[in-house]
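Let's take a walk through this model together, starting where the chains meet and then moving into one of them.

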Amino acid sequence: MRNRFAETFYELGKVDPRLCMIVADISPAGSITKFRNEFPDRFINTGVSEQIMIGMAAGMAQRGLRPFAYTIATFALYRPFEFVRDDLCYQKLPVTVVGIGGGVSYSTLGATHHAQEDIAIAMSLPNMTVIAPCDPAETEAATRWCATQERGPVYLRLGKAGEPDLTSGASEPWRFGVVRRLRDGDDLCILTYGVITKTALEVAAQLEAKGMSVAVVTVPILKPLDVDGISSILSRYRRVVVIEECVRRALTVEVLALAYQVGAKAKIQAFHLQDEFIHTYGTHDDILRSHGLSAPDIVKQILAG
Amino acid sequence: MTRVTFNIDRARGRCAKYRRRILEISQTVNALHVAPAFSCTEIVDVIYNEMMQAGVDIFIMSKGHGCMIQYVILEEKGVLSSEEIALYCKPGGRLGAHPDYGTPGIEASTGSLGHGLGISVGQAYAERLKQSQTNVYCVLSDGEFQEGSTWEAMLMAGNLRLSNLIAFMDNNDFSGLERMSEGHPAFYPLADKAQAFGWDAIEVDGHDSSALVDAVRQRTNDRPLLVIARTVKGKGVSFMEHEPIWHYRSPSPDEYVKALKEIAQDLA
């Protein structure tokens, strides 16, 4: 994801002189180094100073530039939170805040580096658009959209590096504002987004092996939420499962609220990070498993439900 | 760019007129930041009337609670209408106690302290990238220099040598609870701190309009400039000066008449 983001930004930046990259001592490697070498004035490292990263991005956007502010998700969103809120959201400026290592992908760095509430927090901000691609191809599509959009600020949650391709066989393309069906099925529909989509697809495959017909739909744009798309899923399926790498107050509560609003009869099961900090280490999958987010655990609960 | 001719009497007359207008408006609402506007009246006056190139330069009121002085100057310049001023802090109006981006003449939403300088750094940098002639003028309270974010912005402006950024510290020595000099002795000296962060810095009497103009005229144009303006909170009305209660209070009708009399001396 990180690399595809950097490659895409470099390609776009070559033709659009408004695009600038502001980082706080964390940089996507590879193509951003090329960008920095070719356009040194449009690459700014504020050092370990996230408030000025966001403040500068706001000022630059007000003067017609298109800054991307990039660092580890916790430091992109939490440390300068009031600057994101006042400078970007309140003033409705087209700045993309890129949070790398969103969710709990920094699995050995401890809770200080876990953005386990990032989506929920970003979704609560007025004017904020929230996007969480699930693989490199969605990252490219989202980055292209962010570079040209006029809506206002965006929180773009990325994973790290090495995420597999999950969407080349998708029946629907990435489009802003709509959910995206990766595979179709009749008995149950999984709603998911971000890196954990890989787990959702594993869950679908395991359920399929047990005779269930399972659809997987990503919700790459968490805000504005595709209310119509999710409503029609809630009315079409008898069972809907939400799998998200965030605390409950993100997609899960949105789906539950929507189900209530539209009077959906679907049985809904949600799998998300728990409302507690993580004091264990290991791989990303190990960390997810500690909060019940492994494919076998989820499958077991779906079959029991 | 400062104008060649500077007339101190005209500056004094303008400031008295602005203070009178702020007092007038204060009679239409329960509370308004009179004293914070009075302490930076001369500063904002010379920026708008002696320094800024109209339509080119940018003004950001980082100490958003001082925005009354900006509103009355924008009214005088025809950017804001008297009808809009009449709706200050009222339903249907768009002028509040802090500036809101999108209002004519307002270049950034401020009010939360410690935001304006960072935004100014971004604006100044963008203008340099565009190779424009735009200067960014930013007025901060001294209290804002207690915010870590202001020092992040100071450091970054120094790193980038943003010579098109001119900041003014309204150094009235009052924070919410106490005098800076009493509660925060390490706050001073100020110019040394700014210089150590890569800025040019100069200290002047913040109510001496010609000293403010000279400070900017004589800058090196090589790095950002901080003008540390020693000011008096509530300046111009004796019973408001140095009195914390006037941070956010409108004068009663009697006090209003008394205040107008004092201001009138400069209007002549």
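Begin at the meeting of the two chains in this predicted model: 21 residues of chain A are in contact with 20 residues of chain B. On the chain A side, the elements giving two or more residues are helix H3 (50–62) and helix H5 (81–90) of chain A. H3(A) gives the most, with nine residues. By residue type, this side of chain A divides into eight nonpolar, eight polar and five charged.

Now turn to chain B, whose secondary structure comes to eleven helices and five strands. With a radius of gyration of 17 Å, close to the 18 Å that the globule rule gives for 268 residues, chain B is as compact as a globular protein of that length. The C-alpha trace of chain B spans about 50 × 40 × 35 Å along its principal axes. Buried residues make up 50% of its 268 residues. Of the contacts in chain B between residues at least 6 apart in sequence, 76% join residues at least 24 apart.

Next, look for the strands of chain B. Five strands form an open sheet in the order S1-S2-S3-S5-S4 (chain B), with parallel pairing. Strand S1 (58–61) and strand S4 (200–205) of chain B each have a single partner strand, so one side of each is left without a neighbour in the sheet. From one strand to the next, the twist averages 20 degrees.

To see the pairing up close, follow S1(B) to strand S2 (residues 136–141) of chain B: the two pair in the parallel sense over four bridges. Here Phe59(B) has Tyr137(B) in S2(B) as its bridge partner.

Definitions and conventions: Residues numbered from 1 in each chain as written. Chains lettered and ligands numbered in written order. Predicted model: local features only at pLDDT ≥ 70, side-chain atom pairs only at ≥ 80, totals over all residues. Contact = placed C-beta atoms within 7 Å. Nonpolar A, V, L, I, M, F, W, Y, C, P; charged D, E, K, R; others polar. Rg over C-alpha atoms; globule rule 2.2 N^0.38 Å. Buried ≥ 20, exposed ≤ 12 C-beta atoms within 10 Å, placed from the backbone. Pairing = 2+ DSSP bridges. Axes fitted to C-alpha atoms, helices over the stretch in contact; angles between N-to-C directions.
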